[in-house]
Amino acid sequence: MAITTMDPESACTSQPQGSLGKGGGSLLPGRGLGAALGPRGKHYVCGSIAAFTNIVVTFPIQKVLFRQQLHGVLAREAVRQLQRDGMRKLYRGLLPPLLQKTTTVAIMFGLYEDFSRVLLDQVPTGSGIPELVTRSFAAALAGTAEAVLTPFERVQTLLQDHRHHGRFQNTAHTFRTLLSEYGVKECYRGLVPVLIRNGPSNVLFFGFRGPIKEQLPEASSRAGHLVNDFVCGGMLGAALGIMFYPLNVVKSRAQSQVGGAFRPCGEVLMTVWRERGGSVAMLFRGAHLNYHRSLLSWGIINATYELLLSVLILKGS
(Lines give C-alpha, C1' and ligand atoms only; values in the text may rest on other atoms or scores of the structure.)
Protein backbone atom coordinates (compact mmCIF):
# COMPACT_ATOMS: atom_id res chain seq x y z
CA MET A 1 0.00 0.00 0.00
CA ALA A 2 1.34 3.42 -0.94
CA ILE A 3 1.95 5.62 2.06
CA THR A 4 1.27 9.34 1.86
CA THR A 5 2.24 11.81 4.54
CA MET A 6 1.01 15.30 5.35
CA ASP A 7 -1.63 15.43 2.63
CA PRO A 8 -2.34 18.97 1.40
CA GLU A 9 -6.02 19.20 2.25
CA SER A 10 -6.40 16.93 5.25
CA ALA A 11 -4.51 13.74 5.73
CA CYS A 12 -7.32 11.81 7.35
CA THR A 13 -10.30 13.04 5.37
CA SER A 14 -11.58 11.18 2.36
CA GLN A 15 -15.25 10.98 3.20
CA PRO A 16 -17.53 10.48 0.21
CA GLN A 17 -19.71 13.50 -0.30
CA GLY A 18 -22.66 11.32 -1.10
CA SER A 19 -22.67 9.81 2.37
CA LEU A 20 -22.48 13.26 3.96
CA GLY A 21 -25.24 14.63 1.85
CA LYS A 22 -27.85 12.51 3.59
CA GLY A 23 -28.51 14.36 6.77
CA GLY A 24 -24.93 15.62 7.21
CA GLY A 25 -25.60 19.06 5.77
CA SER A 26 -27.63 20.23 8.79
CA LEU A 27 -24.60 20.42 11.09
CA LEU A 28 -23.62 23.89 9.91
CA PRO A 29 -26.09 26.49 8.62
CA GLY A 30 -25.91 28.14 5.24
CA ARG A 31 -25.17 26.33 2.01
CA GLY A 32 -22.44 28.81 1.15
CA LEU A 33 -20.68 28.83 4.54
CA GLY A 34 -17.76 26.75 3.31
CA ALA A 35 -17.33 29.06 0.32
CA ALA A 36 -17.71 32.16 2.52
CA LEU A 37 -14.92 31.02 4.84
CA GLY A 38 -12.65 30.36 1.89
CA PRO A 39 -10.04 27.65 1.45
CA ARG A 40 -8.01 28.98 4.39
CA GLY A 41 -10.63 30.03 6.93
CA LYS A 42 -12.33 26.66 7.20
CA HIS A 43 -9.26 25.02 8.77
CA TYR A 44 -9.19 27.61 11.56
CA VAL A 45 -12.92 27.34 12.24
CA CYS A 46 -12.97 23.54 12.28
CA GLY A 47 -9.92 23.38 14.54
CA SER A 48 -11.44 25.86 16.99
CA ILE A 49 -14.79 24.06 17.28
CA ALA A 50 -13.07 20.69 17.62
CA ALA A 51 -10.93 22.00 20.50
CA PHE A 52 -13.96 23.55 22.24
CA THR A 53 -15.77 20.22 22.17
CA ASN A 54 -12.76 18.42 23.56
CA ILE A 55 -12.05 20.85 26.44
CA VAL A 56 -15.61 20.81 27.75
CA VAL A 57 -15.65 17.00 27.80
CA THR A 58 -12.19 16.30 29.22
CA PHE A 59 -11.46 19.21 31.61
CA PRO A 60 -12.05 17.26 34.86
CA ILE A 61 -9.62 14.55 33.68
CA GLN A 62 -7.03 17.22 32.87
CA LYS A 63 -7.41 18.66 36.35
CA VAL A 64 -6.67 15.30 37.99
CA LEU A 65 -3.67 14.88 35.70
CA PHE A 66 -2.35 18.35 36.57
CA ARG A 67 -2.39 17.54 40.29
CA GLN A 68 -0.39 14.38 39.58
CA GLN A 69 2.16 16.27 37.47
CA LEU A 70 2.57 18.99 40.08
CA HIS A 71 2.60 16.93 43.29
CA GLY A 72 3.55 13.44 42.12
CA VAL A 73 0.50 11.90 43.85
CA LEU A 74 -1.57 8.90 42.82
CA ALA A 75 -4.74 9.43 40.80
CA ARG A 76 -7.00 8.58 43.73
CA GLU A 77 -5.27 11.19 45.91
CA ALA A 78 -5.65 13.79 43.13
CA VAL A 79 -9.35 12.92 42.92
CA ARG A 80 -9.66 13.28 46.72
CA GLN A 81 -8.05 16.73 46.48
CA LEU A 82 -10.68 17.78 43.94
CA GLN A 83 -13.42 16.32 46.13
CA ARG A 84 -12.16 18.38 49.07
CA ASP A 85 -12.14 21.47 46.86
CA GLY A 86 -15.82 20.85 46.08
CA MET A 87 -17.92 20.80 42.91
CA ARG A 88 -17.92 24.60 42.68
CA LYS A 89 -14.19 24.52 41.99
CA LEU A 90 -14.23 21.50 39.65
CA TYR A 91 -14.33 23.73 36.56
CA ARG A 92 -12.22 26.47 38.13
CA GLY A 93 -9.59 27.39 35.55
CA LEU A 94 -11.75 26.29 32.59
CA LEU A 95 -11.68 29.63 30.75
CA PRO A 96 -7.89 29.80 30.11
CA PRO A 97 -7.64 26.35 28.46
CA LEU A 98 -10.90 27.00 26.62
CA LEU A 99 -9.51 30.22 25.15
CA GLN A 100 -6.01 28.82 24.73
CA LYS A 101 -6.92 25.45 23.22
CA THR A 102 -9.59 26.71 20.83
CA THR A 103 -7.07 29.24 19.57
CA THR A 104 -3.99 26.99 19.48
CA VAL A 105 -5.75 24.13 17.71
CA ALA A 106 -7.14 26.62 15.20
CA ILE A 107 -3.58 27.91 14.72
CA MET A 108 -2.21 24.39 14.58
CA PHE A 109 -4.44 23.28 11.71
CA GLY A 110 -4.87 26.65 10.00
CA LEU A 111 -1.27 27.83 10.04
CA TYR A 112 -0.04 24.39 9.04
CA GLU A 113 -2.15 24.62 5.89
CA ASP A 114 -1.14 28.24 5.26
CA PHE A 115 2.58 27.68 5.86
CA SER A 116 2.48 24.55 3.71
CA ARG A 117 0.87 26.44 0.86
CA VAL A 118 3.34 29.33 1.05
CA LEU A 119 6.43 27.16 1.42
CA LEU A 120 5.43 24.78 -1.37
CA ASP A 121 4.89 27.78 -3.66
CA GLN A 122 8.41 29.00 -2.83
CA VAL A 123 10.15 25.70 -3.56
CA PRO A 124 11.53 25.82 -7.13
CA THR A 125 10.39 23.07 -9.46
CA GLY A 126 13.01 20.38 -9.70
CA SER A 127 14.83 21.56 -6.57
CA GLY A 128 14.86 18.02 -5.23
CA ILE A 129 13.48 19.06 -1.82
CA PRO A 130 10.95 16.40 -0.77
CA GLU A 131 7.44 17.67 -0.01
CA LEU A 132 7.64 15.86 3.33
CA VAL A 133 10.52 18.11 4.40
CA THR A 134 8.63 21.26 3.41
CA ARG A 135 5.49 20.18 5.23
CA SER A 136 7.50 19.17 8.31
CA PHE A 137 8.97 22.66 8.41
CA ALA A 138 5.46 24.12 8.08
CA ALA A 139 4.25 21.98 10.99
CA ALA A 140 7.19 23.11 13.15
CA LEU A 141 6.49 26.77 12.34
CA ALA A 142 2.82 26.35 13.26
CA GLY A 143 3.78 24.73 16.57
CA THR A 144 6.22 27.54 17.36
CA ALA A 145 3.54 30.14 16.60
CA GLU A 146 1.21 28.45 19.11
CA ALA A 147 3.66 29.28 21.90
CA VAL A 148 2.56 32.92 21.80
CA LEU A 149 -0.47 31.76 23.80
CA THR A 150 1.62 30.37 26.67
CA PRO A 151 0.07 32.92 29.10
CA PHE A 152 -3.19 30.96 28.98
CA GLU A 153 -1.40 27.77 30.09
CA ARG A 154 0.33 29.85 32.77
CA VAL A 155 -2.95 31.16 34.19
CA GLN A 156 -4.58 27.72 33.97
CA THR A 157 -1.74 26.29 36.06
CA LEU A 158 -2.15 28.90 38.78
CA LEU A 159 -5.94 28.52 38.94
CA GLN A 160 -5.72 24.72 39.15
CA ASP A 161 -3.05 24.74 41.88
CA HIS A 162 -4.89 24.65 45.24
CA ARG A 163 -2.01 26.53 46.87
CA HIS A 164 -3.04 29.64 44.92
CA HIS A 165 -6.81 29.40 45.50
CA GLY A 166 -6.71 32.18 48.07
CA ARG A 167 -4.67 34.56 45.93
CA PHE A 168 -6.14 34.30 42.44
CA GLN A 169 -9.91 34.61 41.98
CA ASN A 170 -10.47 33.97 38.30
CA THR A 171 -8.85 34.29 34.87
CA ALA A 172 -9.13 38.07 34.58
CA HIS A 173 -7.92 38.64 38.16
CA THR A 174 -4.93 36.34 37.63
CA PHE A 175 -3.88 38.14 34.45
CA ARG A 176 -4.26 41.54 36.14
CA THR A 177 -2.21 40.43 39.14
CA LEU A 178 0.62 38.98 37.07
CA LEU A 179 0.81 41.99 34.77
CA SER A 180 0.55 44.65 37.47
CA GLU A 181 2.89 43.02 39.99
CA TYR A 182 5.40 41.23 37.76
CA GLY A 183 5.00 42.36 34.14
CA VAL A 184 4.46 40.57 30.84
CA LYS A 185 7.52 38.36 31.28
CA GLU A 186 5.90 36.54 34.21
CA CYS A 187 3.05 35.44 31.94
CA TYR A 188 5.58 33.56 29.80
CA ARG A 189 7.14 31.52 32.59
CA GLY A 190 7.52 27.97 31.27
CA LEU A 191 7.88 29.11 27.65
CA VAL A 192 10.99 26.99 26.91
CA PRO A 193 9.39 23.56 27.54
CA VAL A 194 6.34 24.71 25.56
CA LEU A 195 8.55 25.58 22.58
CA ILE A 196 10.51 22.31 22.81
CA ARG A 197 7.22 20.39 22.94
CA ASN A 198 5.14 22.16 20.29
CA GLY A 199 7.35 22.05 17.19
CA PRO A 200 8.37 18.36 17.22
CA SER A 201 4.92 17.17 18.32
CA ASN A 202 3.30 19.03 15.42
CA VAL A 203 5.75 17.52 12.94
CA LEU A 204 5.00 14.00 14.19
CA PHE A 205 1.24 14.57 14.37
CA PHE A 206 0.85 15.84 10.82
CA GLY A 207 3.47 13.45 9.50
CA PHE A 208 1.81 10.28 10.76
CA ARG A 209 -1.91 11.10 10.46
CA GLY A 210 -2.10 9.91 6.86
CA PRO A 211 -0.05 6.71 7.21
CA ILE A 212 -1.92 5.62 10.35
CA LYS A 213 -5.32 6.08 8.75
CA GLU A 214 -4.24 4.22 5.64
CA GLN A 215 -3.47 1.19 7.83
CA LEU A 216 -7.00 1.17 9.29
CA PRO A 217 -9.86 -0.78 7.67
CA GLU A 218 -11.27 1.18 4.75
CA ALA A 219 -14.44 3.04 5.69
CA SER A 220 -17.40 3.29 3.36
CA SER A 221 -19.76 5.33 5.54
CA ARG A 222 -19.77 8.57 7.48
CA ALA A 223 -19.73 6.67 10.78
CA GLY A 224 -16.82 4.56 9.59
CA HIS A 225 -14.77 7.62 8.68
CA LEU A 226 -15.62 9.20 12.04
CA VAL A 227 -14.38 6.12 13.89
CA ASN A 228 -11.19 5.95 11.82
CA ASP A 229 -10.48 9.64 12.39
CA PHE A 230 -11.03 9.17 16.14
CA VAL A 231 -8.65 6.19 16.23
CA CYS A 232 -6.10 7.99 14.03
CA GLY A 233 -6.03 11.13 16.19
CA GLY A 234 -6.32 9.24 19.47
CA MET A 235 -3.40 6.91 18.78
CA LEU A 236 -1.15 9.81 17.79
CA GLY A 237 -2.22 11.99 20.69
CA ALA A 238 -1.67 9.21 23.23
CA ALA A 239 1.78 8.34 21.85
CA LEU A 240 2.91 11.97 21.73
CA GLY A 241 1.49 12.59 25.20
CA ILE A 242 3.76 9.88 26.63
CA MET A 243 6.76 10.99 24.57
CA PHE A 244 6.61 14.60 25.75
CA TYR A 245 5.24 13.94 29.24
CA PRO A 246 8.41 14.99 31.15
CA LEU A 247 8.29 18.36 29.39
CA ASN A 248 4.76 18.89 30.64
CA VAL A 249 5.89 18.00 34.17
CA VAL A 250 8.65 20.61 33.90
CA LYS A 251 6.18 23.16 32.50
CA SER A 252 3.70 22.58 35.33
CA ARG A 253 6.39 22.91 37.98
CA ALA A 254 7.86 26.07 36.45
CA GLN A 255 4.47 27.72 35.97
CA SER A 256 3.30 26.98 39.51
CA GLN A 257 5.92 29.46 40.77
CA VAL A 258 4.96 33.12 41.07
CA GLY A 259 7.77 35.64 41.09
CA GLY A 260 11.44 34.96 41.60
CA ALA A 261 14.13 33.95 39.16
CA PHE A 262 13.37 32.12 35.93
CA ARG A 263 15.06 28.75 36.29
CA PRO A 264 16.45 26.86 33.26
CA CYS A 265 14.38 23.95 31.97
CA GLY A 266 17.12 21.42 32.85
CA GLU A 267 17.41 22.74 36.40
CA VAL A 268 13.67 22.38 37.00
CA LEU A 269 13.79 18.83 35.63
CA MET A 270 16.66 17.90 37.97
CA THR A 271 14.78 19.40 40.94
CA VAL A 272 11.74 17.26 40.19
CA TRP A 273 14.00 14.25 39.60
CA ARG A 274 15.67 14.64 43.03
CA GLU A 275 12.40 15.29 44.83
CA ARG A 276 10.98 12.06 43.42
CA GLY A 277 13.96 9.99 44.44
CA GLY A 278 15.54 9.69 41.00
CA SER A 279 12.71 7.39 39.95
CA VAL A 280 11.58 7.28 36.33
CA ALA A 281 8.25 5.86 37.48
CA MET A 282 7.74 8.86 39.78
CA LEU A 283 8.76 11.28 37.03
CA PHE A 284 6.06 9.72 34.83
CA ARG A 285 3.49 9.74 37.65
CA GLY A 286 0.20 10.50 35.96
CA ALA A 287 1.38 9.35 32.52
CA HIS A 288 -1.19 6.54 32.38
CA LEU A 289 -4.01 9.03 32.94
CA ASN A 290 -2.40 11.39 30.43
CA TYR A 291 -2.32 8.53 27.92
CA HIS A 292 -6.05 7.91 28.23
CA ARG A 293 -6.88 11.62 28.33
CA SER A 294 -4.80 12.25 25.19
CA LEU A 295 -6.37 9.25 23.50
CA LEU A 296 -9.83 10.68 24.17
CA SER A 297 -8.90 14.34 23.58
CA TRP A 298 -7.10 13.96 20.27
CA GLY A 299 -9.61 11.39 19.11
CA ILE A 300 -12.36 13.95 19.69
CA ILE A 301 -10.35 16.78 18.12
CA ASN A 302 -9.34 14.86 15.01
CA ALA A 303 -12.75 13.29 14.42
CA THR A 304 -14.63 16.56 15.00
CA TYR A 305 -12.20 18.53 12.83
CA GLU A 306 -12.43 16.09 9.93
CA LEU A 307 -16.23 15.86 10.15
CA LEU A 308 -16.68 19.64 10.19
CA LEU A 309 -14.14 20.09 7.42
CA SER A 310 -15.91 17.60 5.18
CA VAL A 311 -19.25 19.34 5.83
CA LEU A 312 -17.78 22.76 4.99
CA ILE A 313 -16.18 21.39 1.83
CA LEU A 314 -19.54 19.90 0.82
CA LYS A 315 -21.41 23.15 1.50
CA GLY A 316 -18.81 25.19 -0.34
CA SER A 317 -19.08 23.05 -3.44
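The following legends describe close-up views of a predicted model.

View 1. The chain contains 14 helices and zero strands, and from the N terminus onward its elements follow the order α-α-α-α-α-α-α-α-α-α-α-α-α-α. Of its 317 residues, 52% count as buried, and the accessible surface of the chain comes to about 14,300 Å², with 64% of that area belonging to carbon and sulfur atoms. Among the contacts with a separation of 6 or more, 81% are made by residues 24 or more positions apart.

**View 2. The salt bridge between Glu153 and Lys251.** The structure holds 15 salt bridges, one of which joins the side chains of Glu153 and Lys251 at 3.2 Å, N to O. Because Glu153 belongs to helix H6 (residues 150–160) and Lys251 to helix H11 (residues 245–255), the pair ties together parts of the chain that are 98 residues apart in sequence. Both partners, Glu153 and Lys251, are buried.

**View 3. The salt bridge between Arg154 and Glu186.** Here the side chains of Arg154 and Glu186 meet at 2.3 Å, N to O, in a salt bridge. Arg154 lies in helix H6 and Glu186 in helix H8 (residues 184–187), so this pair ties together parts that are 32 residues apart in sequence. Buried means under 20% relative accessible area, and on that basis Arg154 is buried with a relative accessible area of 0%, while Glu186, at 4% relative accessibility, also counts as buried.

View 4. The side chains of Arg253 and Glu275 form a salt bridge of 2.8 Å, N to O. This pair links distant parts of the chain, with Arg253 in helix H11 and Glu275 in helix H12 (residues 265–275), 22 residues apart. Arg253 has a relative accessible area of 18% and is therefore buried.

**View 5. The stacked rings of Tyr112 and Phe206.** The structure holds eight aromatic pairs, and in the one shown here the rings of Tyr112 and Phe206 have their centres 3.9 Å apart and their planes at 10°, so the pair is stacked. Tyr112 and Phe206 are both buried.

View 6. Phe205 counts as buried at 2% relative accessibility, as does Trp298 at 16%. Ring pairs link Phe205 and Trp298 with Phe109, Tyr112, Phe206 and Tyr305 into a cluster.

**View 7. Charged ends over the ring of Phe262.** The charged end of Lys185 sits over the ring of Phe262, at 4.9 Å from the ring centre. The charged end of Arg189 also sits over the ring of Phe262, at 4.0 Å from its centre.

Definitions and conventions:
Residues are numbered from 1 along each chain as its sequence is written. This is a predicted model: local features need pLDDT of at least 70, side-chain atom pairs count only at pLDDT 80 or more; totals for chains, interfaces and linings use all residues. Side-chain values use heavy atoms; hydrogens and water are left out. Helices (H or I, at least four residues) and strands (E, at least two) are DSSP runs, numbered from the N terminus. Buried means under 20% relative accessible area, exposed over 50%, partly exposed in between (1.4 Å probe, protein chains only). Contact means heavy atoms within 4.5 Å. Accessible areas come from the Shrake-Rupley method with a 1.4 Å probe; for residues, only the protein chains shown count as cover. A salt bridge is a side-chain nitrogen of Lys or Arg within 4 Å of a carboxyl oxygen of Asp or Glu. Rings of Phe, Tyr and Trp (its six-membered ring) pair if their centres lie within 6.5 Å; planes under 30 degrees apart count as stacked, over 60 as edge-to-face and the rest as tilted. A charge sits over a ring if NZ of Lys or CZ of Arg is within 6 Å of the ring centre and within 35 degrees of the ring normal.
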